[in-house]
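This briefing is meant to be read beside the sequence and the coordinates.

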Amino acid sequence: MNNHTTITKTTPSPSPGPGLTSGASPAQTTTTAGATSGTKRKRTPAVKYYAVKEGFRPGIYYNWSDCLAQVTGFKGAVFQSFPSLEEATSFLTGQKVASHNGTASTNNENGTRFYGVQRGRVPGVYSNWAEAQEQIKGYTRPRYKKFDTRQEAEEFVKMGQENEVSKSSQIPGGLTNANPTDAVNGDAEIPAAFAPLPPGAEDGFDPNVLLEPSTGKIVYKAPEQKLATKAKPTGPPGMLRIYTDGSSLGNGKKIAQAGVGVYFGPNDTRNVSEPLKGHRQTNQRAELTAIIRALEIAPRHRPVTIVTDSRYAIDCVTNWFRKWVRNNWQTSDGKPVENKDLIQSILVKISERDSLKVTTTFEWVKGHNRDAGNEAADRLAVDGARRGVGGQLSSAPVGLKAAVDDDLPDELADEFDDF
């Protein structure tokens, strides 16, 4: 019997369970079991179906060893076991069916489960387990959970984001708001040179005092000096957040000029503001090029989060590319995938970082919504586009000049850009 079948074939019969051998009938098995008095009858293990959605040969398998052979060594493999063939098939096709016991395969009345991803490549809420699994596969210490309602999943994701913010805003160990006092002497302030080491101090160092250069005495820090104190690094560098953006002035027109913006931080020498190279001056190519430039500049040993307002760019390098690779870089309509050169370049850089066990994640932020990092990257992209316009605008019609100067928001520009 062939242990593999694809979802396009007719439903096959499952492999014989361990309770029945190839030459025995159910009656023979029952007689043998009953002939031995006092022997505890073993239950026949339930049949499992293994659905491989992403693997060497996607399909449904009837034993674990066959399934394992299709996913071992396959990067980004997506697979799951099910108690019924119908549920395994629905996992591959994305259709919702009733479970093997006749009840709905999900617990909520709409028949949809929601998967909240707190920590993963693209944190958020997913209604498809395969999509959620792609965000956590290979990610260091992912955090995710299944919910019956979208609201519960969104609260779970939001809670994780708030925890990350609170962790980043914690003050260094040992800092205190008030200077120590001596209760025996009427709560008089203890001189800084004789103050006890505060709780939480690291390496025997009191972060509340400093040496006054002019007098050579140890004094307490002023409140503003305590706020300026930075925590001492206790491990390898943390996640590097890089904001990227692309802008195309006159997007969709022959005279269009695009620019690339990469923002590491205020006055950071690594910030990028430059015109987009090449004859295709589209907003989407600018967005993808900005990600390439960010990954080129970022240290290869540091985990990176690329923050962008382009859902198109994120989907290209985290989701859609898998199907394009299977289709030899053609769309479902049989047309060549647009911007293939840039997408492949990003995938190569992510793969290089993966080989070094360095995480590369993507985070979407709403454009033109008062996010400081996104707005800074947008300004850099617009400035780069304006520098690239050069003499093109000097000979352009007045009406086109006004349209170019307005610079449509990126989300609106995406709607008019060609795929």
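Leaving aside residues up to four places away in sequence, Gln-118 touches Pro-123, Arg-143, Phe-156, Val-157, Met-159 and Gly-160, where contact means heavy atoms within 4.5 Å. The model is predicted, so local features need pLDDT of at least 70 and side-chain atom pairs count only at pLDDT 80 or more, while totals for chains, interfaces and linings use all residues. Residues are numbered from 1 along each chain as its sequence is written, and side-chain values use heavy atoms, with hydrogens and water left out.

- Gln-118 belongs to strand β5 (residues 114-119); helices (H or I, at least four residues) and strands (E, at least two) are DSSP runs numbered from the N terminus.
- Gln-118 is buried, at a relative accessible area of 10%, on a scale where buried means under 20%, exposed over 50% and partly exposed in between (1.4 Å probe, protein chains only).
- A polar atom of the Gln-118 side chain lies 2.6 Å from the backbone oxygen of Phe-156, a residue that is also listed among those Gln-118 touches.
- Glu-54, in strand β2 (residues 49-54), is buried with a relative accessible area of 12%.
- The side chain of Glu-54 makes a polar contact with that of Arg-326 at 2.9 Å; such a contact is a pair of N or O atoms within 3.5 Å in which, within protein, one must be able to donate a hydrogen and the other to accept it, and residues adjacent in sequence count only if both atoms are side-chain atoms.
- Not counting residues up to four places away in sequence, Glu-54 touches a set of residues including Val-71, Phe-74, Gly-76, Glu-134 and Arg-326.

**Helix α4**

- Seven of the eight residues of helix α4 (residues 129-136) are buried, among them Trp-129, Gln-133, Glu-134 and Ile-136.
- Glu-131, also placed in α4, is partly exposed, with a relative accessible area of 34%.
- The C-alpha atom of Glu-131 is separated by 9.8 Å from that of Thr-318, although the two residues are 187 residues apart along the chain.
- At the start of α4, a side-chain oxygen of Asn-128 reaches to within 2.8 Å of the backbone nitrogen of Ala-130, and just after the helix Gly-138 takes a positive phi of about 80 degrees.

**The second largest pocket**

- The second largest pocket has a volume of about 790 Å³, and of the 29 residues that line it, Lys-75, Gly-76, Phe-321, Arg-322 and Asp-354 lie nearest its centre.
- Helices α8 (311-326) and α9 (340-355) and strand β16 (360-364) each supply at least two residues of this lining.
- On a 1 Å grid over the protein atoms alone, a pocket is an open set of points where a 1.4 Å probe fits, with protein on both sides within 12 Å along at least five of seven lines, and lining residues have an atom within 4 Å of a point.

**Cysteines and the whole chain**

- A search of the whole structure finds zero disulfides, a disulfide being a pair of cysteine sulfur atoms within 2.5 Å.
- Cys-67 is buried at a relative accessible area of 1%, and Cys-316 is buried at 0%.
- The protein chain has 12 helices and 16 strands, and 38% of its 419 residues count as buried.
- Among contacts between residues at least 6 apart in sequence, 61% join residues at least 24 apart.

Note on methods: Points joined across faces, edges and corners; volume = space filled by probe spheres on them.
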